[in-house]
Amino acid sequence: MRSLNPTLSFSADLRPFARSIRAAIFDVDGVLTDGSLFISEAGETLKAFNALDGHGLKLLAQGGITPIVITGRDSPAVRRRLKDLGLVHAVFGAHDKLAAAEPLLASLGLPWRDVAVMGDDWPDLPLMVRAGFACAPLNAHAEVKAIARHVTTLRGGEGAARECCDLLLWATGRYEALLRGHLETLDTTSDGATP
């Protein structure tokens with residue numbers, strides 16, 4: 001089997017700000033999606049999600065960082081996507097995201113300094129200014145990008161959330177182990193032998 005060494009890297013200046021992160025809050029529209037809303041004649045909202053972002057959220061959980069979603073909208077599509085990903089911490093239809101976040105973080109025993117937030121627009125600002133690490137997608141509003149510690153190279157709904165997840169896993173020292181873990185299957189043991 002070929003060895004696999006991580007090729008992904010970020011500026012070393014980011015590590016001190018992200019290395020103690022234990023949870024990450026993500027917005028949906030404009031972060032986990034491109035922000036487009038497709039509304040059927042019957043009023044059903046359809047959204048497109050990126051599989052890279054979904055796998056990134058699952059990797060966060062595997063790496064010991066709790067993924068949280070706080071969104072201003074509520075829709076069956078978002079609920080279905082989060083259920084499919086196994087995310088258990090989510091607040092839907094949050095008009096005041098700070099009011100939604102604080103009791104959730106308190107229940108998890110998390111201070112703001114241990115929380116990352118990825119948002120793209122003004123409703124996310126109250127969370128981002130309190131977070132230990134703030135991240136924004138490339139297509140975020142200018143005021144959001146101005147306070148973000150990291151602006152992704154990718155747009156919302158096009159892998160931006162995965163970039164944020166990878167950065168957090170890299171900064172906390174968990175990225176390489178998770179990458180190497182993906183080389184093993186249930187059909188082989190850690191030394192490559194078949195059980």
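Guide: A word on classes before we start: Ala, Val, Leu, Ile, Met, Phe, Trp, Tyr, Cys and Pro count as nonpolar, Asp, Glu, Lys and Arg as charged, and the others, Gly among them, as polar. The model we are looking at is predicted.

Visitor: Thanks! By class, how many nonpolar, polar and charged residues does the lining of the largest cavity have?

Guide: Happy to walk through that. The lining consists of Leu32, Phe49, Asn50, Asp53, Gly54, Leu57, Arg81, Leu82 and Leu85. Sorted by class, that lining has five nonpolar, two polar and two charged residues.

Visitor: And which helices each supply at least two residues of that lining?

Guide: The largest cavity holds about 50 Å³ of space. Among its lining residues are Asp53, Gly54, Arg81 and Leu82. The helices that each supply at least two lining residues are α2 (51-62) and α3 (76-85).

Visitor: Turning to the sheet, which strands stand at the edges?

Guide: Six strands form an open, parallel sheet in the order β5-β4-β1-β6-β7-β8. An edge strand has a single partner, so one side of it is left without a neighbour in the sheet. The edge strands here are β5 (89-91) and β8 (150-151).

Visitor: What is the bridge partner of Ala136 in β8?

Guide: Strand β7 (residues 133-136) runs parallel to β8, and two bridges join them. For Ala136, the partner in β8 is Val151.

Visitor: One more: is Asp124 buried or exposed?

Guide: Asp124 sits in the loop between β6 (115-118) and α5 (125-128). Beyond its neighbours within four places in sequence, Asp124 is in contact with Asp27, Lys97 and Gly119. Its relative accessibility is 3%, and the cut-off is under 20%, so Asp124 counts as buried.

Key. Residues numbered from 1 in each chain as written. Predicted model: local features only at pLDDT ≥ 70, side-chain atom pairs only at ≥ 80, totals over all residues. Heavy atoms only, no water. 1 Å grid on protein atoms, 1.4 Å probe; cavity = no way out; pocket = protein on both sides within 12 Å on 5 of 7 lines; lining within 4 Å. Points joined across faces, edges and corners; volume = space filled by probe spheres on them. Helix = DSSP H or I, 4+ residues; strand = E, 2+ residues; numbered from the N terminus. Pairing = 2+ DSSP bridges. Buried < 20%, exposed > 50% of the residue type's maximum accessible area, 1.4 Å probe, protein only. Contact = heavy atoms within 4.5 Å.
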